[in-house]
Amino acid sequence: MITKDDIQEIHPKVIELVQPGKSILVKLSNGSNQRQHVRAIVDDGIVIYRVWSKTRQIWNYYVMNLWQFHFMYIEGRLKK
């Protein structure tokens, strides 16, 4: 669980980028880019986002910790 003190340690730009209703571009480890649409932030830093599957023509939903977005930002893998 992420506490309020932990939130203060997460880069402010990450807090700005990862907000419900916004989409972010993430560079994946295989070199491709993925557009992630943030749907909600629940339980102190758990992010629910969705990604459109071009091949199946459906939305795939995922859950990720806000810290993972922080580390992706530090690695230069997050864009607006």
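Here is a short tour of this predicted model, one selection at a time.

Local features need pLDDT of at least 70 and side-chain atom pairs count only at pLDDT 80 or more, while totals for chains, interfaces and linings use all residues. Residues are numbered from 1 along each chain as its sequence is written, and side-chain values use heavy atoms, with hydrogens and water left out.

Start with the whole chain. You'll find 3 helices and 5 strands (DSSP runs numbered from the N terminus: H or I of at least four residues for helices, E of at least two for strands). Along the sequence they come as α-α-β-β-β-β-α-β.

Now select residues 23-27, strand β1. I24 and V26 sit on its covered face, and S23, L25 and K27 on the uncovered one. Side chains in a regular strand alternate between the two faces of the sheet.

Click I24, and its bridge partner in β2 is Q36. Between these two strands lie 5 residues of the hairpin, where G31 takes a positive phi near 95°.

On to β5, residues 78-79, which runs antiparallel to β1 with 2 bridges joining them. Here L78 is the bridge partner of V26.

Last stop: strand β3, residues 46-53, where you can pick out W52. Is W52 buried or partly exposed? W52 is partly exposed, with a relative accessible area of 37% (buried is under 20%, exposed over 50%, partly exposed in between, using a 1.4 Å probe and protein chains only).

Definitions and conventions. Pairing = 2+ DSSP bridges.
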